[in-house]
Amino acid sequence: MSRVRSPRRLRRLERTVLTAALTAALATTASGCVVVHGERVVLPATTQAEAAKALQEFTDAYNKADQTYDRAEDADYVTGALGAIDAARLKAGHINSPDGNSAHTPLRFTDVTYTIPKKAGWPRWFVADARGNKGGDVRWLMVFVRHDLNETWQVAYLTLVEPGAVPEFAKDKDGWAEPVPADSASLAVPPADLSENYATYLEKGGSGFAAGPHTSDWRKERAKNAVKPGLATQYIDQPLTDGDYAPLALRTADGGALVFFTTHHFQKQTAAPNASVPVPNRNVRALTKGEIKQTLTMEFVSNQVALDPAGDAAKKQVSVIGRVQGMTSAQGG
């Protein structure tokens with residue numbers, strides 16, 4: 001992937017495009033005054049060239065942070081679910097290896113596709129679908145967001161999916177994708193409800209989600225680990241939808257949507273009397289407050305990507321096709 005060499009020219013181009021669209025949206029009132037309805041202007045979130053530049057800037061910052069375990073290196077380029085997961089990962093890395101990451105290998109992306117929705121208002125966002133040099137053949141799906149033209153693009157979601165799992169998107173004649181409103185009633189589950197529905201499913205089960213590694217298999221694994229000799233494990237699952245944790249969805253060619261959403265999880269291990277909680281790995285210990293005796297409560301943030309079909313929830317199931325989870329803190333007791 002090559003670096004875009006003229007960032008100032010790209011910014012001028014983007015501003016020109018936005019200015020032209022705003023000019024076209026001018027509304028002349030009866031009194032002759034001109035009013036700009038900027039929040040109503042439907043525009044592409046960015047250009048292909050600017051999207052490529054945003055990915056390169058994120059990759060450079062991510063690599064610097066991973067090499068040094070310095071959160072300041074990429075703090076301006078991540079937000080939402082990825083921001084929470086990344087911050088905890090770097091904190092643990094710095095505590096355990098204050099001189100930096102001796103095992104650092106630069107992350108690189110190839111075969112990148114950018115899907116850019118055309119929408120009104122903020123935030124504006126787009127999806128980068130790439131092959132990374134880590135993780136084998138999986139595809140890296142990254143959602144970039146920003147809330148103002150002068151803000152840095154930040155990655156809010158980073159999920160990994162199997163090759164061929166990404167659907168075809170609905171696009172207009174110019175190649176721009178269609179965002180799906182969070183409250184859309186055209187889908188089996190409105191994107192705004194996916195986080196809560198998923199959290200409820202993990203705790204109670206049900207028929208709303210298709211079987212797979214991030215649904216039925218995960219529930220079976222947790223049930224298996226819930227009670228072991230000398231150790232009980234409890235799980236609490238919560239929706240997470242505020243700010244940059246909010247779901248984002250793109251219309252697929254079949255009328256459904258690809259939805260990115262976040263959930264919040266707690267896992268509490270309690271040892272039997274005269275026993276102790278198994279000693280966790282050093283990254284868990286680095287993020288743990290208090291002394292681990294009888295209990296250890298771990299907090300996680302998880303970001304998912306799902307295929308949400310068009311139609312009735314009673315007849316259609318949501319398929320979770322990718323999930324990346326990270327521990328963000330822990331408490332011993």
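A pocket is defined on a 1 Å grid over the protein atoms alone, as an open set of points where a 1.4 Å probe fits, with protein on both sides within 12 Å along at least five of seven lines; lining residues have an atom within 4 Å of a point. The model is predicted, so local features need pLDDT of at least 70 and side-chain atom pairs count only at pLDDT 80 or more, while totals for chains, interfaces and linings use all residues. Residues are numbered from 1 along each chain as its sequence is written, and side-chain values use heavy atoms, with hydrogens and water left out.

**Exercise 1.** State which residues lie nearest the centre of the second largest pocket, and describe its lining.

*Solution.* Step 1: the second largest pocket holds about 250 Å³ of space (a volume is the space filled by probe spheres set on the grid points, which are joined across faces, edges and corners). Step 2: of its 18 lining residues, Pro123, Trp125, Ala246, Pro247 and Leu248 lie nearest the centre. Step 3: β8 (154-161) and β11 (248-251) each supply at least two lining residues (helices are DSSP runs of H or I with at least four residues, strands are runs of E with at least two, and both are numbered from the N terminus). Step 4: by class, the lining has 14 nonpolar, two polar and two charged residues (Ala, Val, Leu, Ile, Met, Phe, Trp, Tyr, Cys and Pro count as nonpolar, Asp, Glu, Lys and Arg as charged, and the others, Gly among them, as polar).

**Exercise 2.** Describe the largest pocket and determine which element supplies the largest share of its lining.

*Solution.* Step 1: the volume of the largest pocket is about 580 Å³. Step 2: 28 residues line this pocket, and the closest to its centre are Tyr62, Ile85, Arg89, Gln325 and Gly326. Step 3: at least two lining residues come from each of α2 (48-68), α3 (80-96), β8, α6 (282-286) and β15 (319-332). Step 4: α3 gives the largest share, eight residues. Step 5: the classes are 15 nonpolar, nine polar and four charged residues.

**Exercise 3.** Classify the packing of α2 against α3 as parallel or oblique.

*Solution.* Step 1: the two axes come within 11 Å and cross at roughly 25 degrees (axes are lines fitted to C-alpha atoms, for helices over the stretch in contact, and angles run from 0 to 180 degrees between N-to-C directions). Step 2: α2 is therefore roughly parallel to α3 (angles under 35 degrees count as roughly parallel, over 145 as roughly antiparallel, 65 to 115 as roughly perpendicular and the rest as oblique). Step 3: Phe58, Tyr62, Ala65 and Asp66 of α2 make the contact with Leu82, Asp86, Arg89 and Leu90 of α3 (contact means heavy atoms within 4.5 Å). Step 4: in the loop between α2 and α3 one finds Tyr69, whose phi is near 55 degrees, a positive value in a residue other than glycine.

**Exercise 4.** Classify the packing of α4 against α5, and locate Gly205.

*Solution.* Step 1: α4 (residues 191-204) and α5 (residues 216-226) pack at about 45 degrees, with axes 9 Å apart. Step 2: the two helices are therefore oblique to each other. Step 3: Gly205 lies in the loop between α4 and α5. Step 4: Gly205 and Ser216 are 11 residues apart in sequence and 8.1 Å apart in space, C-alpha to C-alpha.
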